[in-house]
Structures are given as structure tokens and as C-alpha cells.
Amino acid sequence: MTIKQSAGRDQLGEFAPDFAHFNDDILFGENWNNADIDVKTRCIITVVALMSQGITDSSLVYHLQNAQANGVSKEEISAIVTHVAFYAGWPKAWAVFNLAKDVWSED
């Protein structure tokens, strides 16, 4: 499966074309399509990175949905967030769980 992204160009293409290129072609193009890490693992890593920074905006929701779409189960995300809570912070886990509950209740 090849990941293609157009959000950068769709949202910022005219205002910040270089950023849109890096987002769509490099980050989501080359990086996300690198076969050295499978997509499910890459999704988990991304959720953990966002959680550890306390980022709980629409980007985390997108990556939680992406994780679910790429095979991360409710049980797995629960265990992942619980594990990371001990390293990144309990309040961050609460915030992620509030978002993850919504994502996994949609299926």
C-alpha cells in the first residue's frame, strides 16, 4: 500500500508551497512509504510521539484514526497509551484516551 497525502497542498499549497511539498512528498511520501518500518508500527510511533509532546489536536485524531485503519486494536491502543503514560505523563494519557475512545467507538 502506498500512502499518498495531499493535505499540505490542499490547505497550504498557495500560502506555503515549500511546506506543503515537504509535508506531502517527503514526510508522508518518502518517510511513510519507507518499507523499513511497517505502517502499523509507524502509526504507533507517531501516536506516541504526539502524546509525549502533549499534542491533542486534530493531528492526533488523524493519527489515531490512521492507527485504527492500519490494524491497531482498541486493546492495543489502550495498552500503548497506558504504557507511555508512565513515561510521558498521566494527564497526557487522559487526553489521548478521551480522543481514542471516540475513534474506536466509531467502528
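Hi everyone, thanks for coming. Please keep in mind that what you see above is a predicted model.

Let's start with the pocket. How much space lies in the largest pocket? The answer is about 340 Å³. Its lining is made up of 17 residues. If you want to find the centre on your own screen, look for Gln5, Ala7, Asn23, Phe28 and Ser59, which are the lining residues nearest to it.

What kind of residues are these? In the lining of the largest pocket, nine are polar, seven are nonpolar and one is charged.

Now, where does the lining come from? Four helices each supply at least two residues: α1, at 7–12, α2, at 17–31, α3, at 39–53, and α4, at 58–69. Which helix gives the most? That is α2, with five residues of the lining.

Between α3 and α4 the angle is about 155°, and their axes are 9 Å apart. Angles over 145 degrees count as roughly antiparallel, so α3 is roughly antiparallel to α4. The crossing of α3 past α4 is left-handed.

Stay with α3 for a moment and turn to helix α5, residues 74–88. Here the packing angle is about 40°, with 10 Å between the axes of α3 and α5. Is this pair roughly parallel or oblique? Roughly parallel would need an angle under 35 degrees, so α3 and α5 are oblique to each other. The crossing of α3 past α5 is right-handed.

Last pair: α4 again, this time with helix α6, residues 90–105. Their axes lie 10 Å apart, at an angle of about 50°. That makes α4 oblique to α6, and α4 passes α6 in a right-handed crossing.

Note on methods:
Residues are numbered from 1 along each chain as its sequence is written. This is a predicted model: local features need pLDDT of at least 70, side-chain atom pairs count only at pLDDT 80 or more; totals for chains, interfaces and linings use all residues. Side-chain values use heavy atoms; hydrogens and water are left out. On a 1 Å grid over the protein atoms alone, a cavity is a set of points where a 1.4 Å probe fits but cannot get out, and a pocket is an open set with protein on both sides within 12 Å along at least five of seven lines; lining residues have an atom within 4 Å of a point. Grid points are joined across faces, edges and corners, and a volume is the space filled by probe spheres set on the points. Ala, Val, Leu, Ile, Met, Phe, Trp, Tyr, Cys and Pro count as nonpolar, Asp, Glu, Lys and Arg as charged, and the others, Gly among them, as polar. Axes are lines fitted to C-alpha atoms, for helices over the stretch in contact, and angles run from 0 to 180 degrees between N-to-C directions. Angles under 35 degrees count as roughly parallel, over 145 as roughly antiparallel, 65 to 115 as roughly perpendicular and the rest as oblique. A crossing is left-handed if the near helix is turned anticlockwise from the far one by less than a right angle, and right-handed if clockwise.
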